[in-house]
Amino acid sequence: MAIVTQSTSQISPANERMYHQSALLGEWKGNWAGNNQPVGFKVVNIRGSRAQVEYTHNGHTERGFAQISGSLITFGSVTVGTKDGKNLVLLFSAGGAGKQTATLAKQAPPASDSRLMGSWGGYSSDNGKSASFRVLAVNGNEAQVSVTTDGITRQGTGIVYKNVIMFGQSQIATDDGQNGKIIYQVGMKSFMVPVTKYPPADSSSSVDVTA
């Protein structure tokens with residue numbers, strides 16, 4: 001049975017191609033340019049034109065939903081954006097209070113020795129389907145993943161059970177950490193795609209699109 005948590009993201013392929021919105025996902029930390037005080041911003045998920053975010057400043061955290069326009073997220077008086085998926089520019093603007101800027105760095109996900117970690121992709125000659133599955137981080141029984149099937153990319157939190165990760169209507173399993181299979185469901189039909197793990201490359205926040 002597939003399990004989807006509230007942190008599941010829904011990013012349209014068009015927005016991903018044009019704006020690389022998935023690069024905004026994750027936790028960012030840095031300091032204000034003026035007073036060097038710490039500031040943090042976390043993008044929990046992205047769904048259409050809304051993002052669930054957490055904004056930490058002056059020792060307290062604000063949580064809520066922000067608006068997305070292209071590659072920018074606006075949350076109240078704060079606007080953030082990233083060009084490379086590694087550094088985030090945060091602009092605070094509140095009328096007469098003036099403006100403040102900060103540069104935040106993306107925080108690395110917790111280290112994991114899970115054999116499912118990495119990028120997987122493959123093609124099935126039996127059904128003509130291709131699929132890719134990126135496992136970005138594994139923390140206990142949860143995994144941050146990005147899945148592309150039938151040309152649609154979904155990103156969010158999957159459930160880990162032994163050597164299987166379940167996410168939405170799809171799952172990936174591996175026995176040796178190098179070869180595996182993706183099974184996904186469309187309506188009443190299920191499709192299986194054999195996949196292999198790609199060699200490690202320069203860490204990138206772009207989404208693998210092989211479907």
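This is a short tour of the structure, stop by stop, with something to select each time.

**Stop 1: colour by confidence**

Before you click on anything, remember that this is a predicted model. Colour the chain by pLDDT: the mean is 85, and 88% of the residues reach 70 or more. Now pick out strand 6, which has the highest mean pLDDT among the elements, at 97. Strand 1, residues 9–10, has the lowest, at 74. Next, select residues 1–6, where the pLDDT is below 50; this stretch still has 14 contacts in the model beyond near neighbours in sequence. Then jump to residues 202–211: pLDDT stays under 50 here too, and the model has 31 contacts for them beyond four places in sequence.

**Stop 2: the largest nonpolar core**

Select F41, I73 and L90. They have the most contacts inside the largest nonpolar core, a set of 22 residues. Which strands give two or more residues to this core? Click through strand 2 (26–32), strand 3 (38–47), strand 4 (50–57), strand 5 (60–69), strand 6 (72–75), strand 7 (78–82), strand 8 (87–93) and strand 9 (99–106). Strand 3 gives the most, with four residues. In soluble globular proteins, nonpolar side chains tend to be buried together.

**Stop 3**

**Stop 4: I68**

Now go to I68, in strand 5. Is I68 buried or exposed? Its relative accessibility is 10%, so I68 counts as buried. Show its contacts beyond four places in sequence: Q21, I46, G48, S49, R50, A51 and I73.

**Stop 5: T82**

Last stop: T82, in strand 7. T82 counts as buried because its relative accessibility is 13%, and the cut-off for buried is under 20%. What does the side chain of T82 reach at 3.0 Å? Zoom in and you'll find the backbone nitrogen of G85. The T82 side chain also makes a polar contact with the side chain of D84, at 3.5 Å. Finally, show the residues in contact with T82 beyond four places in sequence: A23, L24, W28, S71, N87 and L88.

Notes. Residues numbered from 1 in each chain as written. Predicted model: local features only at pLDDT ≥ 70, side-chain atom pairs only at ≥ 80, totals over all residues. Heavy atoms only, no water. Core = buried A, V, L, I, M, F, W, Y, C linked by side-chain atoms within 4.5 Å. Buried < 20%, exposed > 50% of the residue type's maximum accessible area, 1.4 Å probe, protein only. Contact = heavy atoms within 4.5 Å. Polar contact = N/O pair within 3.5 Å; in protein donor to acceptor, adjacent residues only side chain to side chain. pLDDT = per-residue confidence, 0-100.
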